Each structure stands twice: as C-alpha cells, then as structure tokens.
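These are my notebook entries on one protein model. I set down what I looked up, topic by topic.

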Amino acid sequence: MKAYIIAGAPSPDIGYIRERIPEGAFVLCADRGYSYARQAGITPSVIIGDFDSCPCEVPEGGNTVRLNREKDFTDTLHCVEKALERGCDELLLFAATGGRLDHTLANLCALEFALDRGADAVILSEREEIRLLDRGEHRFDGRDGLTFSLFPFGCGEAALSISGAHYPLSRYRMKSGVPIGVSNIFEGERCVITVESGRALLVVNTDDRFL
C-alpha cells in the first residue's frame with residue numbers, strides 16, 4: 001500500500017506534486033504541506049502538525065491531528081509513523097528538501113526510520129530522487145545518462161559493488177568521511193548496485209538543469 005506524504009520545505013514545484021499524486025491516493029500532509037496540497041487541488045486523507053508554519057486555516061475533525069509544539073518527532077516523521085500504522089509499505093515524500101538543512105537531514109533520517117520498520121521510502125522532487133539502500137541487490141532500469149551519488153548512511157562505511165555505471169565498483173568499502181561516491185553516471189539499460197554491508201544513501205539527479 002502506498003502513502004504520499006507532503007512535507008513543508010519551502011517553494012516546492014506544485015505542478016510536480018499534482019502530477020505525481022493520483023486521485024484517491026492516501027495522502028498525509030505535514031503542517032505547511034497542507035497548504036501545498038490545497039494549491040495542487042489534492043484532498044489529504046490525514047493532516048498532522050503543530051501548524052506553526054501553515055499559512056492557511058486547517059480544518060478540524062477526525063482527519064486532523066494537532067501536535068504540541070514541544071515534541072520529540074518532526075511533523076513529517078509523525079506522518080511517516082501514521083502511514084506505517086495504516087500498513088503502508090511504500091512511502092513517497094514530497095517537499096522534503098531544499099529548506100532548512102536540519103529539516104532536510106531529519107527527512108533523510110525518516111527514510112531510515114521507515115526502512116527499519118520494513119517500508120520502502122523515497123524523497124521525490126522535480127530535481128532528484130533520494131532513497132536509502134539496505135543490504136542486497138538493487139536494480140535500476142532506464143536511467144541511462146542520469147547522474148547519481150552514493151554515501152554511507154547510518155554507518156561508518158558501506159561495502160558496495162556497482163555495474164552498469166561510468167565508475168563501476170567491486171566490493172569497495174566506501175567510508176563516510178570520504179565522499180568518493182559523488183557524481184557517478186548510469187550507463188546502459190540497467191545498473192545494479194549491491195550493498196554488501198552497511199547502508200547507502202542514493203541520490204539520483206533527475207533533471208540536469210540542477211547539476
């Protein structure tokens with residue numbers, strides 16, 4: 001089951017959000033994300049937040065969860081948690097990067113939060129796709145020519161093998177303090193990234209205008 005989460009990073013591409021979220025989808029909005037949903041003509045299933053940054057009036061009712069301003073988790077992570085409680089195993093996050101760096105880092109941590117609980121989560125925008133790769137083989141088709149980067153995440157190092165890319169690797173131990181995984185390029189119809197140990201954050205640049 002898919003869940004679509006609209007976070008609150010500033011200046012998202014509303015048209016992109018509108019195009020990517022289908023009618024009737026299970027949509028959760030984190031605080032200011034509700035205003036983005038309204039602009040996109042999307043009716044959210046759940047609205048969660050302390051609403052300290054939402055510029056519009058938030059409806060009352062059973063679909064709105066109001067949080068205290070003093071809390072342990074971000075509004076977005078509360079949305080992730082709610083989606084997991086509903087049995088969602090595929091989470092797509094929008095408006096989750098590009099604002100405050102600490103909020104962006106918190107949203108990257110939300111990918112790990114979801115993965116630890118058996119769900120696949122990805123951050124999407126008009127310029128990039130970000131996901132956390134667990135141990136195992138990961139196949140990417142039809143990405144020829146796109147730039148991507150890999151970083152160990154939540155660990156000191158990750159052992160990686162890459163085929164179908166401009167810079168292939170074989171069981172390379174990528175350390176968190178040495179960003180050697182920046183700016184690789186998908187080549188051919190299929191790229192296979194195998195995580196032998198640790199976890200790797202994958203950032204795919206989907207629009208070369210932002211390279």
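Entry 1, the sheet. I worked from a predicted model. I traced an open sheet of ten strands, and its order reads β4-β3-β2-β1-β5-β6-β7-β14-β9-β12. The pairing in this sheet is mixed. I recalled that strands of a sheet pair through backbone hydrogen bonds, either parallel or antiparallel.

I then asked which strands stand at the edges of the sheet. They are β4 (64-66) and β12 (184-185). Each has a single partner strand, so one side of each is left without a neighbour in the sheet.

I looked up β5 (residues 90-94) and β6 (residues 120-124), which pair in the parallel sense over four bridges. Within this pair, leucine 91 stands opposite alanine 121 of β6.

How many residues of helix α3 (residues 75-85) are buried? I noted eight of its eleven, and so recorded the helix as mostly covered. Among the buried residues are Leu77, His78, Cys79 and Val80. I next looked up what covers the buried residues of α3, and the list includes β1, β2, β3, β5 and α4 (101-116). Just after α3, glycine 87 takes a positive phi of about 90°.

I recorded alanine 95, which has a positive phi of about 55° although it is not a glycine. Alanine 95 lies in the loop between β5 and α4. Is alanine 95 buried or exposed? Its relative accessibility is 9%, and buried means under 20%, so alanine 95 counts as buried.

I also recorded arginine 171, a residue other than glycine with a positive phi near 50°. Arginine 171 is found in strand β11. Its relative accessible area is 64%, and the cut-off for exposed is over 50%, so arginine 171 is exposed.

Which residues make the nonpolar surface patch of about 260 Å²? I listed Tyr172, Val178 and Ile180. I placed valine 178 in the loop between β11 (169-175) and β12. The relative accessibility of valine 178 is 46%, which lies between the cut-offs of 20% and 50%, and therefore valine 178 counts as partly exposed.

Notes:
Residues are numbered from 1 along each chain as its sequence is written. This is a predicted model: local features need pLDDT of at least 70, side-chain atom pairs count only at pLDDT 80 or more; totals for chains, interfaces and linings use all residues. Side-chain values use heavy atoms; hydrogens and water are left out. Two strands pair if DSSP finds at least two bridges between them. Helices (H or I, at least four residues) and strands (E, at least two) are DSSP runs, numbered from the N terminus. Patches are made of residues with over 30% relative accessible area and no salt bridge: like charges are joined within 9 Å, nonpolar side chains (Val, Leu, Ile, Met, Phe, Trp, Tyr) within 5 Å. Accessible areas come from the Shrake-Rupley method with a 1.4 Å probe; for residues, only the protein chains shown count as cover. A salt bridge is a side-chain nitrogen of Lys or Arg within 4 Å of a carboxyl oxygen of Asp or Glu. Buried means under 20% relative accessible area, exposed over 50%, partly exposed in between (1.4 Å probe, protein chains only). Contact means heavy atoms within 4.5 Å.
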